[in-house]
Amino acid sequence: MKIKETAGRKVFLTVNAILLGLVGFACLAPMLHVLSCSISDPSTLARVQGFHLWPIAPFTFEGYETVLGYSNILIGYANTLFYVAFGVLLNLTLTTVAAYVLAQKRFMPANKIMLFMAFTMLFNGGLIPNYLLIVKMGLIDNRLAILLPSAFNVFNLVIMRTSFREIPDALEESARLDGANDLQILWHIIIPVSKATLAVITLFVAVGLWNSWFTASIYLTDRSKWPLQLFLREILINNSQRSLDTGVKASALAQQTLVKYCVIIVATLPILCIYPFLQKYFVKGIMIGSIKG
Amino acid sequence: MKWKLLAANYRSNRLLYWMVFPVVVFVIIFSYLPMLGLTISFQDYSLVKGIFGSKWVGFANFADFFNSLYFLRTFRNTILLSLLNLLFCFPAPIILALMLNEVKSVRYKRLVQTVSYMPHFISMIVVAGLIIEFTNSSGVISTLVTALGGKATSYISLPQYFRSIFIVSDIWQNIGFNSIIYLAALSGINEELYEAARIDGAGRFRQMLSVTLPGLLPTIVIMLILSVGSIMNLNFEKVLLLYSPSNYETSDVIMTYVYRIGIIKQKIGYSTAVGLFNSVVSLLLVLGANKLSKTYTETSMF
């Protein structure tokens, strides 16, 4: 049935669309500014203040060339890739295995263990006791201090367990009759049909690890183990040029500002390129988590 | 006998038990051991003597905190920042979802959604870097203010602007992503309800009040309980990146104080006590919110 739109309705729809356009623009603008500045002419940029949605000619890529020459940025990038790769692997392994077992009806203590884990979402030791634990385990300046505390997340467990429970039992039963054990069922049956949930959790875990900096800042003093975000903090927040100085001569201030923009883009681009492709799964992941949470 | 049943259950499902065992151990080590570690908030803790050798001081650490100048400042700032957050950042994604829901063109809707999710994926360091860049004396805000006759200055370091900057940037970062859940709830509302409302002569606005909002309510309530639960755990990493002694008056929250006093100054027992105070208030808030909502809206988390 097609309902004829009234004039008032048309005005509303137009205003609504314009407002939404503005919201979208506001969300995009700061990064657009950074992107434009990163390829603008540095000396003009230093003189012309304000918002740049379009780069100032002559365009230049020297900022990027400089950034990719900094050893600290490369070390940070390599470390971050390491933390993300192993962190995701650890997270997914622990979460899928636990979720599979806790979703089994024939596993008697399932609800008790679930409660035991869910309690940690309501109450936890907090910053200092967690810090002491790492100190006492002798993990200061150890990469494990970054990987272990974040290796398991109860919220993701809840999401995955709920999604595993929705899988028809018949699928599992037939495999069991064929003599498959639990690990085989998990690997060959449950995981392949849960790709959407796994994709969202992978994305959220990976983004979390990519952007994480606080644990690294309290557990790592050894700069060779620092993730990219800590070098970024030095450049962007502490306004220190220490991360930039090594390996290159001190460049002009304009040059350094240019480099700041380039660093932001280099550190953010990988994630901004990935999330739109997984967007359609977000709803599923978020919904399951919050309803059964 | 229950243990006998459990033993029988174990014998027929050995593999399941061994699969979940490492994860349980993991949770014990990384979640429950630190909870035991909370006992040091009742000690004059020394790293050398450890938890069993340090002197017990009862509630002295808590008393020290409540009597210090920092208590009022950090508690007030924590509560105020969170309440402002509830007031502005909480409704923003609901409004965005309602607006998106009215859009007829699927492609336009998808485009606005994709773009508005973006800030959520940018790291806190970069967001803080952008905030500092935009609010410093040669930044966009200063340029705008000087054009209007004001003076250029570093706005983030002025205590009177810290909260506004914190809240506005928070809306910017999360409005899109947080709208996802409301959009999903909106798409779950039965189309026939709208049909029935139209037949009863309800206009667009009336339909929103009588159909849309009741349909959204359970989601709103759950999200509200979660937000109330996180009142004490507001984004302290962001505060940590943006605050400085010049704006402590409005920016210093309990968790940043715990960080400074515990990790930097290594007053372990005292800072653990302050942190425990924060966690207990937080737990009470979430339990309270859950109970209230159970009583009045029949929606609850547990």
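View 1. At 23% relative accessibility, A:Arg176 counts as partly exposed, a class that lies between buried (under 20% relative accessible area) and exposed (over 50%), judged with a 1.4 Å probe and protein chains only. Please keep in mind that this is a predicted model, in which local features need pLDDT of at least 70 and side-chain atom pairs count only at pLDDT 80 or more, while totals for chains, interfaces and linings use all residues. Residues are numbered from 1 along each chain as its sequence is written, chains are lettered from A and ligands numbered from 1 in the order in which they are written, and side-chain values use heavy atoms, leaving out hydrogens and water. A:Arg176 meets A:Asp182 in a salt bridge (3.3 Å, N to O); the term stands for a side-chain nitrogen of Lys or Arg within 4 Å of a carboxyl oxygen of Asp or Glu. A:Asp182 is buried, at 7% relative accessibility.

**View 2. Salt bridges elsewhere in the two chains.** In chain B, the side chains of B:Arg260 and B:Asp252 form a salt bridge at 2.8 Å, N to O, and both residues are buried. Back in chain A, salt bridges with shared partners link A:Arg106, A:Glu172, A:Arg176 and A:Asp182 into one network. A:Lys225 pairs with A:Asp222, their closest N and O atoms being 3.3 Å apart, and A:Asp222 is partly exposed at 26%. Over all chains, the count comes to 13 salt bridges.

**View 3. The largest nonpolar core.** This core has 192 residues, and those with the most contacts inside it are A:Met117, A:Leu127, A:Phe152, A:Phe282 and B:Phe121. Such a core is a set of buried Ala, Val, Leu, Ile, Met, Phe, Trp, Tyr and Cys residues joined through side-chain atoms within 4.5 Å. Helix α15 (residues 253-292) of chain A gives the most to this core, 14 residues; helices here are DSSP runs (H or I, at least four residues) and strands are runs of E (at least two), numbered from the N terminus. Zoom in on A:Phe152 and you will find that its contacts (heavy atoms within 4.5 Å) include A:Met117 and A:Leu157 as well as B:Val23, B:Phe26 and B:Val27, leaving aside residues up to four places away in sequence.

View 4. A:Gln229 sits in helix α13 (residues 228-236) of chain A and is buried, at 1% relative accessibility. Beyond residues up to four places away in sequence, A:Gln229 touches A:Trp210, A:Asn211, A:Ser212, A:Trp213, B:Ser123 and B:Ile125.

View 5. A:Ile18 lies in helix α1 (residues 7-38) of chain A and is exposed, with a relative accessible area of 51%. A:Val11, A:Val15, A:Ile18, A:Leu19 and A:Leu22 make a nonpolar surface patch of about 450 Å². Patch members have over 30% relative accessible area and no salt bridge; nonpolar side chains (Val, Leu, Ile, Met, Phe, Trp, Tyr) are joined within 5 Å, like charges within 9 Å.

**View 6. Two loop residues with positive phi.** A:Asp141, in the loop between α6 (127-136) and α7 (144-147) of chain A, has a phi near 65° although it is not a glycine. A:Asp141 is partly exposed at 22%. In chain B, B:Gln266 has a positive phi of about 60° and belongs to the loop between α15 (254-264) and α16 (268-297). B:Gln266 is partly exposed too, with a relative accessible area of 33%.

Conventions. Areas by Shrake-Rupley, 256 points an atom, 1.4 Å probe, with all protein chains shown as cover.
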